[in-house]
Amino acid sequence: MRIDLHNHTPRCHHAEGDMEAFVTEAIAQGIEVFGFSDHAPLRWDEGYRMGADEMDGYESEFAALKAKYAGKIALLLGYEADYLPTKTIDEVYSRKVDYLIGSVHFLGEWGFDNPENIFDCFGSDEFKRRGLEAIWRAYFAAIADMASSGRYDIVGHFDLIKLFGHYKGRKPDEAVFGALEAIKKADMAIEINASGWRKPVGEQYPSAEILKLAYELKIPITFGSDAHAPQHIGAKSQACYDLARSVGYKEAAIFESRKMRLLKI
Ligand SMILES: [Zn+2]
Ligand SMILES: [Zn+2]
């Protein structure tokens, strides 16, 4: 079973290709369960996510595609919602969707994964200015808080903080264990997200070491291309599946109306 639950649409203002082009590409790739999870609205960084007034259009366009392609591919609806409690739009959490991906893209008001924000206003490298150690701990503490909030189904790109390559070779530590324990307690799944292959770090999220720990804790996995264009769909998917199987996983999670179901992979 090929599953891909993390995919964007142009409504977030930094993706391209209409929703139907994503669906036809997924079918061409042999994907059997495909989910849209566009960036949910947030009272912050609005240039990189859909507006609150666009949720209806996103959901109705999805519903039309789901009907049109029934029997050819199973389509699921989700959002990737930021964990940023002071900027949250609560309505996101009550939409009738199949799943919510919870992601940390911000530490305070710093959007650390946006290359435009890697430097502060004085031109200094924000990673150096804040300190790699402090950033690492703050990031995984935010992931643990996100899980403990109980508002999400899937952890988005678990170790995204490594994307620019700052933490090469770093082993999982207490900060990582704490986040994994919170995820386990919240009955969430972790995605194997292929988009790290498009970033300087050049590997999936999470690392193989972290995935082994997740397996030991019996945390379910799912898969996501994190496509921001149809041509991203399925890239490095084989490597992600091979990794999952090498760690021991035989099943992966999908979600329907916020309920998890495990499928053989
Ligand atoms: Zn994005
Ligand atoms: Zn994301």
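Visitor: How many Å separate the zinc ion (ligand 1) from the zinc ion (ligand 2)?
Guide: The two zinc ions are separated by 5.4 Å. Please keep in mind that this is a predicted model, in which local features need pLDDT of at least 70 and side-chain atom pairs count only at pLDDT 80 or more, while totals for chains, interfaces and linings use all residues. Residues are numbered from 1 along each chain as its sequence is written, chains are lettered from A and ligands numbered from 1 in the order in which they are written, and side-chain values use heavy atoms, with hydrogens and water left out.

Visitor: OK, and which protein donors does ligand 1 have?
Guide: The zinc ion (ligand 1) has His14 (NE2), His39 (NE2) and His228 (NE2) as its protein donors, at 2.0 to 2.1 Å. Donors here are N, O and S atoms within 2.8 Å of the metal (3.2 Å for Na, K and Ca), and because water is not among the atoms, sites may look incomplete.

Visitor: Where in the chain do His14 and His228 lie?
Guide: His14 is in the loop between β1 (3-4) and α1 (19-28), and His228 is in the loop between β9 (221-224) and α7, so the pair ties together parts that are 214 residues apart in sequence. Helices (H or I, at least four residues) and strands (E, at least two) are DSSP runs, numbered from the N terminus.

Visitor: Is His228 buried or exposed?
Guide: His228 is buried, because its relative accessible area is 15%, and buried means under 20%, exposed over 50% and partly exposed in between (1.4 Å probe, protein chains only). His14, at 29%, counts as partly exposed.

Visitor: Then what coordinates ligand 2?
Guide: The zinc ion (ligand 2) is coordinated by Glu80 (OE), His105 (NE2) and His157 (NE2), at 2.1 to 2.2 Å. Glu80 belongs to strand β3 (residues 74-82) and His157 to the loop between β7 (154-155) and α5 (174-185), 77 residues apart. Glu80 is buried at 1% relative accessible area, and His157 is buried at 2%.

Visitor: New topic: which residues make the contact between α6 and α7?
Guide: Ala208, Leu211, Lys212 and Tyr215 of α6 meet Leu243, Ala244 and Val247 of α7, where contact means heavy atoms within 4.5 Å.
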